[in-house]
Structure formats: structure tokens, C-alpha cells
Amino acid sequence: MCRLLAYSAREKTTLPSFIGKDFSKFLELSNVHHDSWGLAIDDGTQTELLKAAETAINSQTFSDEVNSRSGTGALLHFRWASPGLPVSDENAHPFTRDDISFIHNGALSPYDALQDLVSAELLEQRTGQTDTELFFLYLLTEIRKSDFLTGVLNVINNVKTNFDYSSINSMIMNPDYLVVVSEHNPDNKPTWADEYYYELRYRSDENGFAVASSGWPQEGWSLIPNHRILIIDRKTSQIQVIDL
């Protein structure tokens with residue numbers, strides 16, 4: 001299980017600056033979600049990927065990078081590895097390719113459930129062992145058949161309808177959109193977690209949008225109900241919510 005955080009801003013900024021003083025509270029979540037950290041930053045011309053199999057709150061590298069890397073959007077992920085999946089840099093999120101970045105919280109069962117849906121070309125490029133990387137490669141397979149939003153919606157609807165999972169909460173970003181999927185089974189949360197563990201919320205103001213997992217202060221943020229997809233148009237700042 002993992003913690004997710006993303007932003008899409010009107011002007012280039014660092015993630016801690018955009019989130020504000022409560023970013024330190026989100027960082028504390030890596031004490032539990034401690035198996036890796038990963039950051040994908042859209043700087044306006046390309047997506048930079050930084051990740052390591054270490055605990056974010058204890059990492060000087062993480063602190064240096066997150067406070068110095070500036071962009072108009074980013075995805076941040078703290079991983080708590082699913083049982084049986086190795087802790088390694090290759091298995092850390094985000095996964096990026098073709099200016100598309102992806103993070104996920106939850107697990108599909110079995111872990112290789114989506115393998116047959118990934119194109120042969122993309123499957124050969126797999127570097128790790130996780131269900132999430134296969135999820136990402138399946139997204140890319142479908143996006144390349146159509147367009148970004150059509151591919152994403154087709155994949156999410158197929159996974160929701162035909163596969164077993166604890167959660168497919170996820171965030172997918174490209175230069176045009178930030179898509180946030182709230183789709184989970186509350187009964188499959190960690191035994192120690194509260195009933196809000198899988199909930200995702202977003203904040204919107206004159207500076208842009210932030211979206212994040214629960215477990216830290218989110219006063220004034222709006223809930224993305226379960227079985228919903230939030231689509232943020234990064235160019236126009238328009239949003240829409242789609243039922244699953």
C-alpha cells in the first residue's frame with residue numbers, strides 16, 4: 001500500500017512550495033510507507049524521474065531533490081511494498097514513458113493479471129516485477145491505440161469490471177491532463193488503517209490543483225468519492241468527474 005500526491009500548477013514551482021506548510025505532515029507518512037520514494041516532475045519541456053528504494057523522510061537526496069526541482073506538475077509516491085514483491089529502485093513508482101507518468105496504490109490479484117494485455121513491444125521493456133508496472137504498460141498499450149483520455153478510461157473500466165484488486169487508486173499525468181482514479185475496496189485496507197485510508201481528496205485555488213491520499217491534514221479539500229475519476233485539464237484548469 002502506498003501514499004500518492006500530485007499537483008498541477010499554473011506557474012513553475014517546487015512541490016513543497018505548492019503544497020505549503022502541511023507538506024511536512026505528508027512526508028511523515030513515509031515512516032510507514034517506507035520502501036521507496038519517487039518523484040516525476042514536468043518542467044514544461046520534459047518529465048524528469050527521480051526515485052530510490054529508501055525512506056523519504058530519512059533521505060537527504062529526497063530532501064534536496066524535492067526542494068530544488070521546479071515544474072508545472074509532479075507526481076510523488078511513497079511505497080509500502082506488496083507482499084512478495086521486491087524492494088528495489090526498479091519497483092519504485094512513478095513509472096514514466098512518452099511524457100506520461102503513473103503512480104498507483106493497491107494491488108491486483110494475481111500480480112501478473114494484466115500481462116497478456118500489454119503489447120509485446122512494451123512488455124519487453126519491463127524492468128521490474130510489480131503489478132503496477134504492468135498496469136502502466138497496459139495503459140500505454142491502450143493509449144497508443146487511440147489517445148490519452150480514451151486509453152486511460154478504457155483501461156480503468158476494463159480493470160474495474162474484469163479483474164480482482166484491493167485498490168486501483170492511481171494518478172496519471174501527461175502535459176495536457178492529470179487524471180485521478182478513486183476505485184477501491186474499503187474492506188481490503190490494512191488491518192491497522194482507519195476507514196478513510198483509501199480516500200483521495202483534491203484542492204483547487206488560483207494557483208492550480210493538488211490531489212493526495214489521506215492520513216495528513218486536508219482541511220478544505222474536496223473528497224473524490226469511490227468509483228469516480230477526476231480529470232483535470234492542465235491547460236484550461238477545467239475539471240470533470242466521471243462515474244465508474
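Leaving aside its neighbours within four places in sequence, which residues is Asp42 in contact with? They are Thr47, Gly71, Thr72, Gly73, Met173, Pro175 and Arg234. The model is predicted. Its protein chain has six helices and 15 strands. With a radius of gyration of 16 Å, close to the 18 Å from the globule rule for 244 residues, the chain is as compact as a globular protein of that length.

**Overall form**

- Along the principal axes, the C-alpha atoms of the protein chain fill a box of roughly 45 × 40 × 35 Å.
- Buried residues make up 55% of the 244 in the protein chain.
- Taking contacts between residues at least 6 apart in sequence, 66% join residues at least 24 apart.

**Surface and charge**

- The protein chain carries 19 positive and 34 negative side chains.
- The centres of the positive set and the negative set lie 3 Å apart.

**Nonpolar cores**

- The largest nonpolar core has 28 residues.
- Phe135, Phe148, Val152, Val159, Ile172 and Val179 have the most contacts inside this core.
- At least two residues of this core come from each of strand E6 (100–105), helix H5 (131–145), helix H6 (148–162), strand E10 (177–182) and strand E14 (228–233).
- Helix H5 gives the largest share of the core, eight residues.
- Another core, of 25 residues, lies apart from the largest one, and Leu15, Leu29, Ala56 and Val66 are among its members.

**Contacts of Ile172**

- Ile172 is one of the residues with the most contacts inside the largest core.
- Its partners, leaving aside neighbours within four places in sequence, include Ile100, Ser101 and Phe102.
- Ile172 is also in contact with Leu139, Phe148 and Val152.

**Setting of Asp42**

- Asp42 is found in strand E2, which covers residues 36–42.
- The relative accessibility of Asp42 is 8%, so this residue counts as buried, the cut-off being under 20%.
- Among the contacts of Asp42 are Gly71, Thr72 and Gly73, as well as Arg234.

**Cis peptide bonds**

- His93 and Pro94 are joined by a cis peptide bond, with omega near 0°.
- Pro94 lies in the loop that runs between strand E4 (71–79) and strand E5 (95–97).
- The peptide bond between Ser109 and Pro110 is cis, and its omega is about -10°.
- Pro110 sits in the loop between strand E7 (108–109) and helix H4 (120–123).

- His227, a residue other than glycine, has a positive phi near 70°.
- The loop that holds His227 lies between strand E13 (222–224) and strand E14.
- His227 has a relative accessible area of 33%, so it is partly exposed, a class that runs between 20% and 50%.
- Ser237 is not a glycine either, and its phi is positive at about 65°.
- Ser237 is in the loop between strand E14 and strand E15 (239–243).

Notes:
Residues are numbered from 1 along each chain as its sequence is written. This is a predicted model: local features need pLDDT of at least 70, side-chain atom pairs count only at pLDDT 80 or more; totals for chains, interfaces and linings use all residues. Side-chain values use heavy atoms; hydrogens and water are left out. Helices (H or I, at least four residues) and strands (E, at least two) are DSSP runs, numbered from the N terminus. The radius of gyration is taken over C-alpha atoms; the globule rule is 2.2 Å times the number of residues to the power 0.38. Buried means under 20% relative accessible area, exposed over 50%, partly exposed in between (1.4 Å probe, protein chains only). Contact means heavy atoms within 4.5 Å. Lys and Arg count as positive and Asp and Glu as negative; His and the chain ends are not counted. The place of a charge is taken as NZ of Lys, CZ of Arg, CG of Asp or CD of Glu. A nonpolar core is a set of buried Ala, Val, Leu, Ile, Met, Phe, Trp, Tyr and Cys residues joined through side-chain atoms within 4.5 Å.
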